[in-house]
Amino acid sequence: MTLRALIVMLILANLGFAAWALLIDRPAEVAAARDISHLPTLVLAGDAAPSAPAASSAAKDLSAAPTVAGPTTPVHCVTVGPFADLAAGAAAAALLQSRGFTPTQRDEAGPDLIAYSVYLDNVQSEAAATRMLQKLHSNGIADARVMPIATAAEALRVSVGLFNERKGAERRVKQVKSLGLSAAIAEQHQPQATYWVNINLSSPGQSVSTEGLLPPAAADTHLEISDCPSPPSSAPAARG
């Protein structure tokens, strides 16, 4: 091959390569922009939450509106009693509960129980007290006893009975006097409590039966039904 032919082939090869490069070396087409306005917006944890819809605001306003209370049935508290002891009050409360009430028990100070003590106070010594007891017991006064003393300086006394009525105490004084002994009467006041049962009535005109609320032994006892006492005032006392 001649040199001229080789040069011509190289020129043709370069021209062919240039033509090929021009055909395939085109810029890539830019993709069209996509509409993302319909996608939800991302919110970071520290950012404020989006405002609630109008329907939620309306529901919140309705929930904040004051609720109008319906009519309530008034109750009327009455108390039943008095009962002699706590056990009698508890039995009455159980019976009232079985009749549809909701009872509560309470106690309050009642009138003092007055008793009359008959005693001998001219006792000189323990030996003298022993002789008196023997004499009293032998003459039918079996409840005679030496009364306890708080201090050694306190004088000895011999009790010859305790009575609920003064007439009984006076009869014992005469009986002791007939034995040649002199007795005295002392009035004693013993505080006692009374027991009641409170119940609520649905109306002031509702009736409450006291039948069966007392044991047979206390059938003659009168039970009262009255308004419950007002609770004590908790207001502080006025200072002068």
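Which residue forms a salt bridge with Arg 106, and how far apart are the closest N and O atoms? In this predicted model, the partner is Glu 108, and the closest N and O atoms lie 2.8 Å apart. This pair belongs to a set of three salt bridges in the structure.

**Salt bridges**

- Arg 106 counts as buried because its relative accessibility, 18%, falls under the 20% limit.
- Asp 143 is partly exposed at 39% relative accessibility, whereas Arg 172 is buried at 14%.
- Setting aside neighbours within four places in sequence, Arg 172 is in contact with Asp 143 and also with Val 118, Ile 141, Val 160, Gly 161 and Phe 163.
- Arg 166 pairs with Glu 170 in a salt bridge whose closest N and O atoms are 3.4 Å apart. Because these two residues are four positions apart in helix 5, about one helical turn separates them.
- Arg 166 is partly exposed, with a relative accessible area of 39%, and Glu 170 is likewise partly exposed, at 37%.

**Nonpolar cores**

- The largest nonpolar core has 21 residues, of which Leu 120, Leu 136, Val 158, Val 160 and Val 176 touch the most other members.
- At least two residues of this core come from each of strand 3 (113-123), helix 4 (126-138), strand 5 (156-163) and helix 5 (166-177). Helix 4 gives the most, with five residues.
- Apart from neighbours within four places in sequence, Val 158 is in contact with residues including Val 118, Leu 120, Ala 129, Met 132, Leu 133, Leu 136, Arg 145 and Val 146.
- A second, separate core comprises 15 residues, among them Ala 88, Phe 101, Val 197 and Leu 201.

**Nonpolar surface patch**

- In soluble globular proteins, nonpolar side chains tend to be buried together.
- On the surface of this model, a nonpolar patch is formed by Leu 3, Leu 6, Ile 7, Val 8, Leu 10, Ile 11, Leu 12 and Leu 15. Together these residues have about 780 Å² of accessible area.
- Leu 10, one of the patch residues, lies in helix 1 (residues 3-24). Leu 10 counts as exposed because its relative accessibility of 52% is over the 50% limit.

Key:
Residues numbered from 1 in each chain as written. Predicted model: local features only at pLDDT ≥ 70, side-chain atom pairs only at ≥ 80, totals over all residues. Heavy atoms only, no water. Patch = residues over 30% accessible without salt bridge, like charges linked within 9 Å, V, L, I, M, F, W, Y side chains within 5 Å. Areas by Shrake-Rupley, 256 points an atom, 1.4 Å probe, with all protein chains shown as cover. Salt bridge = Lys/Arg side-chain N within 4 Å of Asp/Glu carboxyl O. Buried < 20%, exposed > 50% of the residue type's maximum accessible area, 1.4 Å probe, protein only. Core = buried A, V, L, I, M, F, W, Y, C linked by side-chain atoms within 4.5 Å. Contact = heavy atoms within 4.5 Å.
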